[in-house]
Amino acid sequence: MSNEKIPYKIYLEESEMPKTWYNLRADMKDKPAPLLNPATGKPMTAEELSVVFCDELVKQELDNDTRYYDIPQEILDFYKMYRPSPLVRAYCLEKKLGTPAKIYYKFEGNNTSGSHKLNSAIAQAYYAKSQGLKGVTTETGAGQWGTALSMACAYLGLDCKVYMVKCSYEQKPFRREVMRVYGASVTPSPSMETAVGRKILEEHPGTTGSLGCAISEAVEKATTTEGYRYVLGSVLNQVMLHQSVIGLESKAAMDKYGVKPDIIIGCAGGGSNLGGLIAPFMGEKLRGEADYQIIAVEPASCPSFTRGTYAYDYCDTGMVCPLAKMYTLGSGFIPSASHAGGLRYHGMSPVLSKLYHDGYMEAVSVKQTEVFAAAEEFARVEGILPAPESSHAIKVAIDEALKCKETGEEKTILFGLTGTGYFDMYAYESFHDGKMDDYIPTDEEIAQNITKLPKVD
């Protein structure tokens, strides 16, 4: 089908929505390394994980072989409130850049949480409710995940306790208030509420916090409160599974018009958006059915892929969680407080880490001011104010489109627009006022944390 017949926005019919999630691990010949019990050094069992996570989510976390999981009807009904989400042809951006490239983006910001996080939040809350739990605990960095989970819990009548990274808590008061609208309690992390929070504050007085800190607090709260479990918005296998709905919809929409992407680009913090977007395309690549250039984009201030070490590490700063083999900057790594662009986690999804390590995808890091400049360029021509996290992908999509302009190649680019930036105006203000910097950690700073990685035989 000619490009002239492709609409600006491609919507699937409700009947065309995916009815299953796709488990990418089933098509990986070399599976991701298992989570390890930090006390024994042995793979975590379902019984051990069920102390922290819901039973069904533990099953999904450990399952490397089941290719498809049926999406429960109640979750499908919730999805229908905001899915299928649009696949947009960025005609205006193409024209502005003067590129022969064709640019598409999957827009996941058309819900109150403002991001893709709701896709997994409703699934995890559903399984908690089905298990008869009273509530869940979690952490949030920029706030999208905490907002999404508070929405899902309100819908299902669950209590929701959120530990929000302190600098984000202070920079994004309105994001915090949306969580409270949906009934969640929100605590700046690290806090004095938990033993691990008090320990971190004693060791790092005045710290602005990190996702690793907030995870430690949320896990402690869940494991010491009857009727609660911990849920996580990124990194874990179960989250990659739920977010595959993004890629499945993207591929179905592109197939509908006979479009095949050459380059697929996603921002990468813990991996939820990127893993979901690339899932069915990577599956084809693993099975030898098609090939794609897949690019993960991360901030230069928190460069776990491009400057991290592939090794077992704690998933949290307090060292109470299992060990995961991933690209990591060390669980003690805390991004600069001046970093406002999100994607602040010290490690990367074990699934994506394994794929990157095996050469199935590539990664680049970008500076913060360049990201916000790209965000502004996109907003002025495409009419959407993008989240800072999403804008990492926008930056590299623009770069790739300009390369096509130089070479004359008519490549097709797909990137994930994870959400909107309307709660990120503090960061935009900092950019406009010239107060935003491009802090990049030194080799010495990174090495300092890498030397503390746990010793695993």
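How many of the 13 residues of α10 are buried? Point 2 has the count.

1. First, the ground rules. This is a predicted model, so to speak of local features takes pLDDT of at least 70, side-chain atom pairs count only at pLDDT 80 or more, and totals for chains, interfaces and linings use all residues. Residues are numbered from 1 along each chain as its sequence is written, and side-chain values use heavy atoms, with hydrogens and water left out.

2. Now α10: 10 of its 13 residues are buried, so the helix is largely enclosed by the rest of the structure. Buried here means under 20% relative accessible area (1.4 Å probe, protein chains only). The buried set is L211, G212, C213, A214, I215, S216, E217, A218, V219 and A222.

3. What sits over those buried residues? The cover includes the strands β6 (135-140), β7 (159-165), β8 (185-189) and β9 (228-230), along with helix α9 (195-203). Helices (H or I, at least four residues) and strands (E, at least two) are DSSP runs, numbered from the N terminus.

4. The length of α10 (residues 211-223) checks out: at 1.5 Å a residue it should span 18 Å, and its end C-alpha atoms are 18 Å apart, which agrees. The expected span is 1.5 Å times one less than the number of residues.

5. Zooming out, the chain has 18 helices and 15 strands. Of its 457 residues, 64% count as buried. The C-alpha atoms fill a box of roughly 60 × 50 × 45 Å along the principal axes.

Conventions
Buried < 20%, exposed > 50% of the residue type's maximum accessible area, 1.4 Å probe, protein only. Contact = heavy atoms within 4.5 Å.
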